[in-house]
Amino acid sequence: MTDTSLIARLRDSDLWWSFSRSPLTVAAALVTLLFVVGALFAPWLAPHDPFDPRTLKLLDAFTPPAWTADGRPTYVLGTDNQGRDVLSAIMYGGRISLLVSLAAIALSVTFGVGLGLAAGFHGGWVDTLIMRIADIQLTVPAILIALTLDGVARVALPSTVHDQFAVWVLVLSIGFANWPQFARVTRATTLAERSKDYVSAARIIGISGPKIALKHVLPNALGPVLVIATIGLALAIIAEASLSFLGVGMPPTQPSLGTLIRIGNAFLFSGEWWIVIFPALALMVLSLAVNLLGDWLRDALNPKLR
Amino acid sequence: MLSFLVSRLLQAAAVMTAVSFLCFVLFNFVGDPINNMVGQEATPQERAELRHALGLDDPVPVQFLRFLGNAAVGNFGKSYRMARPVEQLIVERLPATLELVFCGALLALLLGLPLGVLTALRRDTWDTRAVMTFSLAGVAMPTFVSGILLIYIFSVECTGWVAWLGLPTSLCLPSFGRGDTVQIGWWSSGLLTGGGLKAIILPSVTLALFQMTLVLRLVRSEMLEVLRTDYIKFARARGLTNRTVHFRHALKNTLLPVITVIGLQVGGLIAFSIITETVFQWPGMGQLFIQSVQFADIPVMAAYLVMVSFFFVTINLIVDLTYAVIDPRLRVDRARAAGNAA
């Protein structure tokens, strides 16, 4: 298939049609893209390197945003208590936030879809065992589970080691806290697919069970998973920021958006509002944009609403 | 009905056993409890004696049963950080959290339910669109960000505006702590004093915001679905007034799944109060828990988890039973699905 026909196919698809008809969704996609580009290319795009101590000037600390009376054009959104450029810190922070939440969701999807597929396809005691565990975990809110896992990691690892692995501890905590939703959805669609003729046909020609599950059933079960994964990504961004804000996520040496808000919160009362408000706005806009994309995807993939 | 009751009770028991087992594992095997209790200079013999005195050299099943027995009577040992019995610490902070959760749930319900009905009845008007856009912001906004923004507007910036208007600064809202409290037995209440009531406004609004948007969206979508059904058309055909159709026939049937979700959300409120309490330095259980996570204070963590899961399980059980009482068809599965979709 050539390039042009792929683009043509995309342009003719229902998904593109509903996408281009919703200006809000297009705006959300653009904002998300902006964040992703800003995060990916932060080392090249950011006006300053906020983590290179040589370029930091303590004299520049607490510079307000450029448009205020005391502002300076080099620091568009002002600087924090150590003279770090707030805009650059947001770009680097968004990088960590996106990295953690994407990796966490990838983990939840792999884990949840795998277990859901096994439960739905195998049935019997495997199904009962996996789904009971999912039920039990769903009784407790995900944020509490992530907090607990993080706390355990804190006890098990010495603090210097912990700071080094903070990213992976967060990914594991958030990723593990969210698998049951994916398992439930995958199981439900797998159950529906399992009784269809193509599965029986595959069985008759002698294809092994696991191969049918992975190659034939799984692709048909992925639609709803994609929807929850998008909404789950927004939730993971918020979860990461919440944990970092609570002081149990990313350390101040590698701040995510949540850590930046935690640091800035201390200066809210003394009048340096820009240190906390800009990271907070960035987080809000990012989570809103991803949420909007998820909402749109849910409606666009729902045949009942067409 | 009886088999339903028994299966629910069994599930609740399973959850509690699983959680207490996890807490037990946490308590006994993550880090060495002896190391956490004695100082650096304790001799090996002293350590062994303490180990024996605490029963830490018994077989694991025996230890687990003892842990369960102690937990059942509310004995969770001593906090590593504050060297005080954990149950004392929790009981001290319980009222603050429960009052916050109560006010938050009340606010979420009192705002979410009417707004949901309103936006379902007045489709495609500008006020509905405004409310829905606002609710989307509520879903996307992390709890701590809304808390910080509220503090910035109503506690920080407010002083400037109030001074400019020549009004007393007492019009601005306090941004941390519980204000004045009254002691009633072991319960310290902030709801009976002016200062206490003023202090709970911002935290409870922060806590309620997210839950309110959930209730709003759920009530709206359920109501829209019910309004499309045949019996509503029939009620209209019978010439009943709009009022009767909407509130007698439609709203009643909307409320079934809403009850389930609200019940489950109370559990969520307890969990999210951890964040709200941190933002507003609210001296509740959530703050205690987050401090215990930061300092690896395992007994407090374990006790908090067991207690909160107990709350969740009890609430779930009550919700399921209420549901069975209200809805004679016992559509448990549908309610669960609705709860998770939200």
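Colleague: Which residues of α14(A) do residues of α12(A) meet?

Modeller: This is a predicted model, in which local features need pLDDT of at least 70 and side-chain atom pairs count only at pLDDT 80 or more, while totals for chains, interfaces and linings use all residues. Residues are numbered from 1 along each chain as its sequence is written, with chains lettered from A and ligands numbered from 1 in the order in which they are written. Helices here are DSSP runs of H or I with at least four residues, strands are runs of E with at least two, and both are numbered from the N terminus; two residues are in contact if their C-beta atoms, placed from the backbone, lie within 7 Å. On the side of α12(A) stand A:Leu226, A:Val227, A:Thr230, A:Ile231, A:Leu233, A:Ala234, A:Ile237, A:Ile238 and A:Ala241, and they meet A:Leu283, A:Leu286, A:Ser287, A:Val290, A:Asn291, A:Leu293, A:Gly294, A:Leu297 and A:Arg298.

Colleague: How many nonpolar residues does the contact of α12(A) with α14(A) have?

Modeller: Ala, Val, Leu, Ile, Met, Phe, Trp, Tyr, Cys and Pro count as nonpolar, Asp, Glu, Lys and Arg as charged, and the others, Gly among them, as polar. On that basis the contact of α12(A) with α14(A) has one charged and four polar residues, and its nonpolar residues number 13.

Colleague: Are α12(A) and α14(A) roughly parallel or antiparallel to each other?

Modeller: Axes are lines fitted to C-alpha atoms, for helices over the stretch in contact, and angles run from 0 to 180 degrees between N-to-C directions. The axes of α12(A) and α14(A), residues 274-300, come within 8 Å and cross at roughly 165°. Angles under 35 degrees count as roughly parallel and over 145 as roughly antiparallel, with 65 to 115 roughly perpendicular and the rest oblique. The two helices α12(A) and α14(A) are therefore roughly antiparallel.

Colleague: Is A:Ser256 buried or exposed?

Modeller: A:Ser256 sits in the loop between α12 (209-245) and α13 (257-265) of chain A, and beyond its neighbours within four places in sequence its contacts include A:Gly93, A:Ile96, A:Glu240 and A:Ala241. A residue is buried if 20 or more other C-beta atoms, placed from the backbone, lie within 10 Å of its own, exposed if 12 or fewer, and partly exposed in between. Because A:Ser256 has 32 other C-beta atoms within 10 Å, A:Ser256 is buried.

Colleague: Of the residues of chain A, what percentage count as buried?

Modeller: Chain A has 14 helices and zero strands, and its C-alpha trace spans about 75 × 50 × 30 Å along the principal axes. Of its 306 residues, the share that count as buried is 45%.

Colleague: Which helix gives the largest share of the side of chain B that touches chain A?

Modeller: The contact takes 36 residues from chain A and 37 residues from chain B. Several helices of chain B each supply at least two residues of that side, including α1 (2-29), α10 (242-279) and α12 (298-326). The largest share, eight residues, comes from α12(B).
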